[in-house]
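Q: I would like to learn how to read a protein model, one feature after another. Could we go through the one shown here together?

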Amino acid sequence: MSIYYSGTLTRSSGIVSAIGKELKRVNLKGVKRITVTFDPFAANVKSTREFLFLLSVPRVTQSNPNCLLKTDVVCNRQQPKIKFSLIESAQEHLKVKDIQFLSSNLNTLELLQLCNKYLSVLAPEEEEKLSAVTKSAAKAFKKKERR
């Protein structure tokens, strides 16, 4: 008698690839300022520090170069928190000024998922820019503008 096979045929890629996948989706265009506050001597601060590092990756900072990243290191046994101050259009959409994550019981992957769920959707849609590739296309574009 054989044991029936149950499970997947391939292994998952793991937590590191899941973090990489979520990190590629992060878009901070709807955020004006990020403030990360933590006590370095607390026991549950590792995920907040890792999230802070991931926010400073060039790919994430290029999504909104005007976004300020501020770190507050305190020594008062305060639980770690991440505060996102929103741009005006996002404030009007959500009717709130900022979003705050209390990150003491969350891991890095969960913080990235929450960031994508609540912040990446607030990014304003980009307008399509018409660019002329050739001289004839530029002339045709100018003629359309005159009409």
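Q: What percentage of the residues of the protein chain count as buried?
A: A residue is buried when its relative accessible area is under 20%, exposed when it is over 50%, and partly exposed in between, with a 1.4 Å probe and protein chains only. Of the 147 residues of the protein chain, 31% count as buried. Please keep in mind that the model is predicted, that local features need pLDDT of at least 70 and side-chain atom pairs pLDDT 80 or more, whereas totals for chains, interfaces and linings use all residues. Residues are numbered from 1 along each chain as its sequence is written, and side-chain values use heavy atoms, with hydrogens and water left out.

Q: How many helices and strands does the protein chain have?
A: Helices (H or I, at least four residues) and strands (E, at least two) are DSSP runs, numbered from the N terminus. The protein chain has 6 helices and 4 strands, and along the sequence they follow the pattern α-β-α-α-β-β-α-β-α-α.

Q: Is T48 buried or exposed, and which residues is T48 in contact with?
A: T48, which lies in helix α2 (residues 46-55), has a relative accessible area of 0% and is therefore buried. Contact means heavy atoms within 4.5 Å; leaving aside neighbours within four places in sequence, T48 is in contact with V36, F38, P80, I82, S103 and L111.

Q: How are two packed helices described?
A: Two packed helices are described by the angle between their axes and by the distance between those axes. The axes are lines fitted to C-alpha atoms, for helices over the stretch in contact, and angles run from 0 to 180 degrees between N-to-C directions. Here helix α1 (residues 15-25) packs with helix α5 (residues 108-118) at an angle of about 20 degrees, with the axes 9 Å apart. Angles under 35 degrees count as roughly parallel, over 145 as roughly antiparallel, 65 to 115 as roughly perpendicular and the rest as oblique, so α1 and α5 are roughly parallel to each other. The contact is made by residues including I15, A18 and I19 of α1 and T108, L109 and L112 of α5.
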